[in-house]
Structures are given as structure tokens and as C-alpha cells.
Amino acid sequence: MAKTKTAPRKKKAAAPSAPSGRSVVAQAKRDGVQMVDFKFVDFPGTWQHFSIPVNEFEADMFEDGLGFDGSSIRGWQAINESDMLVMPDPSTAFMDPFTQHKTLSLICDIVDPITREDYGRDPRNVARRADAYLKGTGIADTAYFGPEAEFFVFDSIQYDQNAHSGYYFIDSVEGRWNSGAAEEPGNLGYKPPYKGGYFPVPPHDTLQDIRSEMVLTMIDCGLDIELQHHEVGTAGQGEIDIKYCPMVQCGDGMMIYKYVVKNVARKHGKTATFMPKPLFEDNGTGMHCHQSLWKGDNPLFAGNGYAGLSDTALYYIGGILKHARAILAFTNPTTNSYRRLVPGYEAPVNLAYSQRNRSAAVRIPMYSASPKAKRIEFRCPDPSCNIYLAMSAMLMAGLDGIQNKIDPGEPMDKDIYDLEAEERASVPLTPASLDEAIQALEEDHEFLLKGDVFTEDVIQAWITYKREEEVDAIRLRPHPYEFALYYDMV
């Protein structure tokens, strides 16, 4: 949910220069760092890492890189091309708040050791290429993103799947299903109802202090955080909002965000998940993405059109809506994503835009009349995505809209769910499954190839990985509910 996001303001003083590798090494040794951790993101979007003792940490590593086996990383190199290099980015250095021994963390890019070129399937490199492409078009200098990631914090999770069984068990002291449970020293109630957990104060909200600890830890790691609150779902659904920032920085921030949420939850004996739809008949977990383009000090989305938008912003929306079914293969990349994207659970399944209608896929927030606050909000994404690939896909779709002056059509300011059937049928919908989204990507991805931002290799590797590792994996297994439906009925 967007609340009070404001847009970038002109800085009165020049920003400090980015740290060099040499200065990072010197600072680490002055601060008594014991270990240095190198983090990078795999193809699906999960952080991987390895560490070295600080006495091995040298400035040359920022130029020469460190070698590792790329064939062991999901979706990457074949075993006969396994050698890869991580290239640490000195501007990303932060102290890891969860390690017993004082550890400096660095976020890395991936480079081919022979060609010394950026590795095409490294998601962070894709985002860097998208940023460079934006600047190269002359349309804008900076794309700002402000993701609003939701998550659940449970007390326990058990799951397994094999040839003869499949199950999951979720529990939470906040879960409405525990309203009649025997609890020690006694059941005190205060269980938020299904779809009724929005903004309750303690004692219904049992996770206020844990979320606050998450926020303060994120701030210590260098993130700018706007707010935190309980979300709509029962059983510990929450949201913490990162302040808008440039795209690659935002991707780095979201990786730190997930790392902090999961580790603070674990510290308190709980488990956090960004799975889009862990609970049946309750709200899922989304990640609405606010975005805007700026050129110098000029906010390009402010104008005199609908909802105070410029033609540039409307064309950007046109590109998002035209390519939405394809970009959802990146912004909503799991089979579980499409259990969230269904009517009735505040999920935006309608590919339309509106200034206030939250049932539309694209919304124009109206919290501020300032041109600097003018932005669009794409409401479909969820936090299971690889954030670098998701933001890059959204940006490329929006730029295609600007370049080709794609008209987004008329806004949909009515409640879409209350429309007459004929009018409702004219509103296009999001894909109903990951398989549909992957097929849409297969048919519509030329816009992603501009500037070699996404290469054909990246697109095809993504399609193959998602089909073989996820779509087929679910398709081939009996679903537990099928036993309830069919075991003694056929």
C-alpha cells in the first residue's frame, strides 16, 4: 500500500563520491572486520554467498574478481563452462547484522573470466544494462522504483512431497484457526479474522516489535525505510516499505530487505516467507511497484492529463498494459503467484489503469498534488520475483510504450467487479497461470531485447527453467485436494 511517498528533490550539495575498493579494504581493517562476505543473486532471485578472512581481502579483488563454480548456480553455466568471477561493488558494502564474527558484506556482479564481459544471465547485470539503455535513449536519466513488499511471519511451517504423500502445516499464534485452540497458559483470543488484519493495534498485532526490529536493522544496513504495519491477512502478514531509489540500488535494497526479514524472524524463533499465497481463503502477498522517470531535476510523469499525468506517463502505462501478460513471467514468476491473482482478494487481475481504483493493475496514487510525487503504481508484482529482472522488464515495457506512443485507452474508474457482464468482458485479464505467462513471454519479448538488456539467451533460459523446474513439476504431481475431490467419488 502506498502512503506518503514523495519524489526525489534537488540536492543542495553534491553527493559524496562512491567509495573505492581500496578505501573499503582500509576501512574494514580499521574497523576490526574478521570476515568478508561476497553476495550475488542467482537466476531465480535468491542470494548466494561465500566468505574469506579479512587478511585475504585486497583491493585488487575489485578489479580482478574472485573465482567460483557457476555450474552449481541455478539456471547458469554448463559444467564444461563452469568458471565464473564475482566482482564486488564497493558502493554496496554493509556490516552483516546477523553473523557472530564481525563480517563485511559486499554485493557482486558476475563476469566471464575469459572475455571479462558481464555475464548475460546475472540478474544484476540485466538491471545495469536496463539502466544504461534508459540513459542511452535520451528519454530520462533515472528510473526510480519504490516496491512495497508484503510477507508472512509464521510460528512454524512443515511441508514435504514425495511419491506417496504431500502436505503442509502452517501455524501462527495470530491465526484465526487458533481461536478455539488450547494454548499455554491459556488462549487469550486476539486472532485477526481472515482478510481482517489491516492496521490492528496490539494485542491483535503481535509482531509490532519484530517488524520494528526489522526496520531498524534495515536502516543500520543502509536502507531508507518509510513505514511498517500489519497487513490484511490473519497470521502475521506484514509490510515494510522501502523509500524510492534508482533501479539497481533498489534491487540491492530489496535483497537486503528479504535477508533482514528472514533473519530477524528466525532470531525470534519464527519463520518469514515471501510466498505469494501461503494461506487458502485469505489475502496473498503482493509487491506493488511505484515507478517514475526523471531527467535531471524534471519529473517526467507530471503533466496536465488524466490524474495529473504527462503524455510520457500515459504512454509508459500503455507499454506496461500492452506487455503485462509477458512481463508477469518475471514479476509474478511462480506457480503460486497465480493463486494470488484471482478476484476477491484485493489482487489486481484487471489490465486497466485508474487514479484510485485498486482493482486495476495500474494505479495513479493521489496522495500529493506535487509534480515531484507523480508516479504510477503497477500492482500485479509479488515478492517471489527476482527483483532485478522484474524491474528491468517493467522499465523496458514502459519505455516501449513511450517510444511507440502506445495509448493506454480510457481509464477504468468504476469498480470493475460491479460492471455488467458485457462491459466486464471487455477488460483484459492477467494470465491465469505461470504457464500462460511463460507462453505470453515466448510470444512477446522483442521489446526486452532492445539494447541487449535481456538477451535471447536469457529469455529462453528463463522459459526453459520455469517450464521444466516449476510448471512441469506441479503439473506432474497429484494435488492434495484432488484426494478430497476424487478419491472415493470416481
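**Notebook: a pocket and a helix pair**

I looked up the second largest pocket and found that α5 gives the largest share of its lining, 5 residues. The model is predicted, with local features needing pLDDT of at least 70 and side-chain atom pairs pLDDT 80 or more, while totals for chains, interfaces and linings use all residues. Residues are numbered from 1 along each chain as its sequence is written, and side-chain values use heavy atoms, without hydrogens and water.

I noted that this second largest pocket holds about 960 Å³ of space. Of its 33 lining residues, S91, C245, P246, Q249 and D252 are the closest to its centre. A pocket is an open set of points on a 1 Å grid over the protein atoms alone, with protein on both sides within 12 Å along at least five of seven lines, and lining residues have an atom within 4 Å of a point. A volume is the space filled by probe spheres set on the points, which are joined across faces, edges and corners. Helices (H or I, at least four residues) and strands (E, at least two) are DSSP runs, numbered from the N terminus.

By class, I recorded 17 nonpolar, 5 polar and 11 charged residues in the pocket lining. Ala, Val, Leu, Ile, Met, Phe, Trp, Tyr, Cys and Pro count as nonpolar, Asp, Glu, Lys and Arg as charged, and the others, Gly among them, as polar.

I then turned to α5 and α9 (residues 387-403). In their contact (heavy atoms within 4.5 Å), M247, V248, C250, G251, D252, M254 and M255 of α5 meet I387, Y388, M391, S392 and L395 of α9. The contact has 9 nonpolar, 2 polar and 1 charged residues.

Conventions: On a 1 Å grid over the protein atoms alone, a cavity is a set of points where a 1.4 Å probe fits but cannot get out, and a pocket is an open set with protein on both sides within 12 Å along at least five of seven lines; lining residues have an atom within 4 Å of a point.
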